[in-house]
Amino acid sequence: MLSEVDPYIGFLLGIGGMVLLASWAPLGLKRLPMPMTLPIVCVALGAFLFGNNVFSGDPSPRTWDTMTERMTELVVIVSLMGAGLKLDRPLGWRRWGTTWRLLAIAMPLTIAATAWLGMVGLGFPLALALLFGASMAPTDPVLASDVQVGPPGKGDGDEVRFGLTSEAGLNDALAFPFVHLAILVAAGGLGGAAAIGEWFGIYVVWKLLAGLGMGLLVGRAMGFLIFSSRRGGLSRHGDGLVALAATLIAYAATEMAHGYGFLAVFVCALTMRARERHHEFHEELHHFSDQVERLLMLLLLVLFGGALARGLLDALTLQDALVCLAILLLVRPLAGMLAMAGSPHPPRERWLLAFLGIRGIGSMYYVAYGINHGSFGDSERLWAAVGFLVLASIVTHGLSSDALLRRLARRRAQADPAA
């Protein structure tokens with residue numbers, strides 16, 4: 001009987017099934033007659049398994065707040081390394097113009113509008129609304145992988161894919177100062193100019209500079225070890241495990257220096273890529289990162305589906321759901337369109353850049369981090385709102401993104417047959 005199976009054996013069976021699913025899904029799902037994505041399958045699988053008591057317990061992030069923070073943290077940093085490695089375009093002010101627009105304009109507007117809706121529409125106090133706004137603003141590097149550029153050496157694809165990839169690589173770190181701002185407001189420690197100056201000096205200037213500096217330092221060191229030692233470096237061994245080593249070293253070293261580790265990991269990946277931009281070993285590094293990311297993402301989304309089945313959305317009201325849909329379908333798209341106003345790209349590309357701001361695991365990390373480090377009181381409605389918004393993003397963007405990007409590619413091919 002299934003109920004008599006040893007929990008350890010059941011765990012091994014579940015892990016084996018998830019590894020198999022992670023291996024099969026990229027090709028298998030494309031053969032289905034209807035659009036389907038791995039995140040949708042994982043969430044549905046988790047809801048089925050926990051909803052039918054195949055797995056016992058409650059995997060809700062409300063219960064496992066510290067575990068939620070650590071697990072989401074790990075999958076985000078692995079995803080950031082993969083995102084940085086697969087960007088073929090060298091860093092530059094003009095070349096990355098789309099990225100700067102999304103980061104400097106769309107993201108702050110999204111944070112402000114989401115926080116305002118959190119107060120007005122959801123009735124959150126200021127601190128909780130700020131945490132909600134900061135958590136829901138970043139485009140997720142994990143769940144947005146389907147709308148990002150391809151592996152190293154495959155080209156940028158188009159401006160939409162490049163913009164979403166580079167934005168997701170940087171905006172997680174840039175949301176962190178606002179998470180800390182929410183924590184300070186919750187503690188009542190932001191009551192004057194001195195407190196604001198301290199927040200800006202430490203949580204904005206120092207932590208961002210430390211993240212940037214440590215990312216460059218570790219990236220250059222890893223680039224030397226991989227490509228420039230006397231015997232050809234680690235690239236001769238062809239072991240993609242080096243990508244995980246670089247990820248963990250960059251993140252841990254930066255956190256020890258009290259910087260933003262998310263920024264350091266992405267900068268480290270860009271720096272490693274720049275050392276030998278066209279070396280074939282980058283593809284092996286990215287391939288390994290992608291496999292680890294997919295497995296971790298699958299596990300987290302199965303647990304997310306289980307949390308939904310066990311009542312994560314119980315505190316959600318109809319008004320809450322409508323506010324969350326407005327954030328997803330109006331706030332980010334409008335902020336993105338304002339950010340892209342005046343850019344040289346066609347209107348359709350601007351709209352896709354604005355619309356495909358996928359929310360996901362990074363948002364869960366920031367909520368868990370904020371709650372674990374601040375005094376926000378009851379977080380039931382916050383988790384319900386975040387859970388609904390992430391679910392809505394997984395379904396809405398998952399079912400539409402592939403068709404939208406294919407249509408864009410066809411239009412570009414028709415406009416430029418030689419491309």
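**Notes on a helical model**

1. Let's start with a charge and a ring: the charged end of Arg-89 sits over the ring of Phe-162, 3.7 Å from its centre. The rule here asks for NZ of Lys or CZ of Arg within 6 Å of the ring centre and within 35 degrees of the ring normal. Keep in mind that this is a predicted model, where local features need pLDDT of at least 70, side-chain atom pairs count only at pLDDT 80 or more, and totals for chains, interfaces and linings use all residues. Residues are numbered from 1 along each chain as its sequence is written, and side-chain values use heavy atoms, with hydrogens and water left out.

2. Now the overall picture. The protein has 14 helices and 0 strands; these are DSSP runs numbered from the N terminus (helices H or I, at least four residues; strands E, at least two). With 419 residues, a compact globule would have a radius of gyration near 22 Å, and the protein's 21 Å agrees. That radius is taken over C-alpha atoms, and the globule rule is 2.2 Å times the number of residues to the power 0.38. The C-alpha trace spans about 65 × 55 × 50 Å along its principal axes.

3. Buried residues make up 52% of the 419. Buried means under 20% relative accessible area, exposed over 50%, and partly exposed in between (1.4 Å probe, protein chains only).

4. Next, the aromatic pairs. Rings of Phe, Tyr and Trp (its six-membered ring) pair if their centres lie within 6.5 Å; planes under 30 degrees apart count as stacked, over 60 as edge-to-face and the rest as tilted. By this rule the count comes to 15 aromatic pairs. One of them is Phe-124 with Phe-132, edge-to-face at 5.8 Å centre to centre, with 90 degrees between the planes. Phe-124 is buried at 7% relative accessibility, and Phe-132 is buried at 0%.

5. Phe-262 and Tyr-366 also pair edge-to-face, 6.3 Å centre to centre and 70 degrees between the planes. Phe-262 lies in helix α9 (residues 261–275) and Tyr-366 in helix α13 (residues 361–373), so the pair ties together parts 104 residues apart in sequence. Both residues are buried.

6. Most residues other than glycine have a negative phi. His-258 is exposed, with a relative accessible area of 53%.
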